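Thanks for coming. I will go through one model this morning, starting with the overall layout and ending with a few individual residues.

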Amino acid sequence: MQKNIRAAAVQMISSTNPDANINTMKRLVRQAAEQGADWVLLPEYWPLMGHKDTDKLAFAEPLVDSDFSETRCARFQTTLSETAAECSVVLFGGTIPLQSPDAGKVMNTMLVYDRDGRQIGLYHKMHLFGFSGLGE
């Protein structure tokens with residue numbers, strides 16, 4: 001028996017204000033769920049678009065376990081988990097800035113949460129500042 005999955009790709013214009021971006025993300029995920037989405041995919045860096053790449057350093061979170069014992073340090077992760085559970089969707093969290101072991105860098109990380117808000121996947125990529133184009 002094949003189960004159909006309805007996916008929604010969220011488009012949003014993120015700003016330098018994480019609180020506003022979080023509110024927009026929640027509204028759009030709720031809207032997608034109300035329209036029948038099973039999976040919701042967020043864009044890269046939905047929680048923050050800085051004036052410059054290094055602005056993300058101030059908002060980088062440590063990766064936390066799914067018990068969220070450090071929620072005050074993991075606002076973006078907590079929000080993704082709670083939104084997935086509230087809307088009962090699998091939420092592909094676009095990317096958020098996580099702390100990197102390399103000074104002056106962040107991990108550009110996509111986290112995936114199930115319908116109960118449990119983290120079920122992640123993908124890290126190193127965010128390299130100063131990309132200048134095809135010559136690299």
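**Overall layout**

The protein has 136 residues, and 42% of them count as buried. Please keep in mind that this is a predicted model. It exposes about 7,900 Å², of which carbon and sulfur atoms supply 51%.

As for secondary structure, the protein has two helices and six strands. Reading from the N terminus, the order of elements is β-α-β-α-β-β-β-β. On contacts, take those between residues at least 6 apart in sequence: 59% of them join residues at least 24 apart.

**The two helices**

Next, the helix pair. How do the axes of α1 and α2 cross? They come within 10 Å of each other, and the crossing angle is roughly 20°. Angles under 35 degrees count as roughly parallel, so α1 is roughly parallel to α2. The crossing of α1 past α2 is right-handed.

Which residues make up the contact between them? On the α1 side they are Pro18, Asp19, Ile22, Met25, Lys26, Val29, Arg30 and Ala33. On the α2 side they are Arg75, Phe76, Thr79, Leu80, Thr83, Glu86 and Cys87.

**Salt bridges**

How many salt bridges does the structure hold? There are six, and I will take some of them in turn.

Asp19 pairs with Arg75, with the closest N and O atoms 2.6 Å apart. Asp19 sits in helix α1, residues 18-34, and Arg75 in helix α2, residues 75-87, so this bridge ties together parts of the chain that are 56 residues apart in sequence. Asp19 counts as partly exposed because its relative accessibility is 45%, and Arg75 counts as partly exposed at 32%.

Another bridge joins the side chains of Arg30 and Glu86, at 2.5 Å from N to O. This pair, too, links distant parts of the chain: Arg30 is in helix α1, Glu86 is in helix α2, and they are 56 residues apart. Arg30 has 31% relative accessibility and so counts as partly exposed. Glu86, with a relative accessible area of 47%, is partly exposed as well.

The cut-off for exposed is over 50%. Arg118 and Asp116 also belong to a network of salt bridges that takes in Asp114.

**A buried strand residue**

Now to Val40, which lies in strand β2, residues 39-41. Is Val40 buried or exposed? Its relative accessibility is 0%, so it counts as buried.

What does Val40 touch, leaving aside residues up to four places away in sequence? Its contacts are Ala8, Val10, Val29, Ala32, Val89, Val90, Leu91 and Phe92. Arg6 is 34 residues from Val40 in sequence, and their C-alpha atoms are 8.7 Å apart in space.

**Backbone points**

Last, two backbone angles. Most residues other than glycine have a negative phi.

Tyr45 has a phi near 50°, which is positive, and the residue is not a glycine. Where is Tyr45 found? It is in the loop between β2 and α2. Tyr45 is buried, since its relative accessible area is 4% and the limit for buried is under 20%.

Ser88 is the other case I want to show, with a positive phi of about 50° although it is not a glycine. Ser88 is in the loop between α2 and β3, the latter spanning 90-92. Is Ser88 buried, partly exposed or exposed? At 38% relative accessibility, it counts as partly exposed.

To recap, α1 and α2 cross at roughly 20°, the bridges Asp19 to Arg75 and Arg30 to Glu86 join those helices, and Val40 in strand β2 is buried at 0% relative accessibility. That is all from me.

Note on methods: Residues numbered from 1 in each chain as written. Predicted model: local features only at pLDDT ≥ 70, side-chain atom pairs only at ≥ 80, totals over all residues. Heavy atoms only, no water. Helix = DSSP H or I, 4+ residues; strand = E, 2+ residues; numbered from the N terminus. Buried < 20%, exposed > 50% of the residue type's maximum accessible area, 1.4 Å probe, protein only. Contact = heavy atoms within 4.5 Å. Salt bridge = Lys/Arg side-chain N within 4 Å of Asp/Glu carboxyl O. Areas by Shrake-Rupley, 256 points an atom, 1.4 Å probe, with all protein chains shown as cover. Axes fitted to C-alpha atoms, helices over the stretch in contact; angles between N-to-C directions. Parallel < 35°, antiparallel > 145°, perpendicular 65-115°, else oblique. Left-handed = near helix turned anticlockwise from the far one by under 90°.
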